[in-house]
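Here is a short briefing on a structure. Look at the sequence and the model first, then read the points below.

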Amino acid sequence: MPIKLDLDVAEHRLRRAVQWANSDQAVPDEWTETTELVAAGSSRTLVAGLGAAILAKATNANIDPLSIKPEDSRPRSFAIRSLCEDVLVPISRGGQHPAFHLGTRGPQPMNNQPYFRYSHLDDVDRHRAGETLDQLRSALRDLDALTEKEALAALAAYVRSRTKAEETYQSLINREVPSSVELTQLLDALDGFLDPDSAGVNDRPLRLQAVVGGLIRATGVEVSTQGLYDPSRRSPGDTHVPNSENPRWAAEVKARSIDFGGVVAFLDRVREWGGIDVAWVVAIDPSHEPLDRAALVAEGRVRGLLVTVAESVVELVGSLLGHPQVDAGAFSNTGEAIGAQLRAMSADGTTIREWTEALG
């Protein structure tokens with residue numbers, strides 16, 4: 001039978017680790033290094049996964065640290081996501097102790113690959129995290145050899161490292177975004193911020209969605225941007241006005257190529273949802289081939305939809321901020337609005353800093 005973790009015990013162990021992490025007591029260097037190694041990779045989800053696995057081992061030494069879901073065929077398996085969401089997330093937010101960063105800031109940090117499709121990390125053949133996932137699996141095999149007491153020390157090292165990461169994040173996001181931006185300055189900043197060839201840029205989908213949401217914010221309209229790779233999403237598209245529960249406007253936002261068939265499939269989802277009159281497609285990437293707009297307009301009409309396509313930064317900015325009804329001050333407020341959207345989407349602190357620096 002799979003193992004059912006005692007969440008009260010888990011909370012008690014985590015609070016002990018937090019107290020340890022915020023004291024002068026030494027923590028294991030190897031687990032500090034492991035935490036920083038995983039955090040330096042391309043997947044923020046794996047940062048939360050590492051913390052949850054260490055917490056599980058500190059709670060019950062019999063668990064398999066590579067487990068994701070309970071399985072009868074794996075007697076050491078357990079449910080890692082519930083442990084993360086019910087114990088690790090609430091305590092990470094701080095209060096009587098400093099907050100610590102789980103890699104992503106939402107209530108379900110492991111609601112992403114590989115934690116919602118697989119039952120065990122060894123079942124994952126391919127994943128966009130690549131080398132980082134291999135490093136995580138290796139670390140978790142080392143973790144499996146620890147006692148609960150040793151795992152508690154590893155957990156204290158994780159918390160101490162991620163507490164410092166939270167401090168760094170806060171210092172980055174609190175940097176002031178320029179309060180006034182000229183049009184040319186805005187366009188130049190967007191070109192650089194969304195450039196796929198820029199060193200270290202591996203979150204272009206989030207950046208582009210935040211840019212779209214921020215441009216809408218700048219016009220004074222309420223906007224909702226769907227979380228990336230969120231399997232719980234219901235309404236069609238990535239960005240909605242006024243919100244994803246009752247949208248009247250929806251946009252599919254792609255920082256990669258999308259073909260005609262993919263757009264038509266999106267239009268079908270919009271029609272099936274109902275209540276949406278306007279459907280946008282934003283596709284900005286060097287690999288993207290221009291869409292047949294006349295044909296898409298016709299596809300939209302037969303579905304009762306007004307279809308708009310934006311395939312460049314200039315076109316996107318012009319479509320949203322160039323309307324005569326948009327206040328003349330919207331351009332100058334856009335830098336701040338995009339910064340607010342990045343924070344709302346829990347963008348990495350480095351990404352937020354790069355946007356601030358792009359504005360000069």
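A polar contact is a pair of N or O atoms within 3.5 Å; within protein, one must be able to donate a hydrogen and the other to accept it, and residues adjacent in sequence count only if both atoms are side-chain atoms. This is a predicted model, in which local features need pLDDT of at least 70, side-chain atom pairs count only at pLDDT 80 or more, and totals for chains, interfaces and linings use all residues. Residues are numbered from 1 along each chain as its sequence is written, and side-chain values use heavy atoms, with hydrogens and water left out.

**Ends of H13**
- Asp-348 caps the N-terminal end of H13 (helices are DSSP runs of H or I, at least four residues, numbered from the N terminus), with a side-chain oxygen 2.8 Å from the backbone nitrogen of Thr-350.

**H12 against H13**
- The axes (lines fitted to C-alpha atoms over the stretch in contact, with angles from 0 to 180 degrees between N-to-C directions) of H12 (residues 330-344) and H13 (residues 349-358) come within 10 Å and cross at roughly 175°.
- H12 and H13 are therefore roughly antiparallel (angles over 145 degrees) to each other.
- In this contact (heavy atoms within 4.5 Å), H13 contributes Thr-351, Ile-352 and Trp-355, while the H12 residues include Ile-338 and Leu-342.

**His-101**
- His-101 sits in the loop between helix H4 (80-92) and helix H5 (131-143).
- The His-101 side chain reaches the backbone nitrogen of Gly-103 at 2.9 Å.

Methods
Helices (H or I, at least four residues) and strands (E, at least two) are DSSP runs, numbered from the N terminus. Angles under 35 degrees count as roughly parallel, over 145 as roughly antiparallel, 65 to 115 as roughly perpendicular and the rest as oblique.
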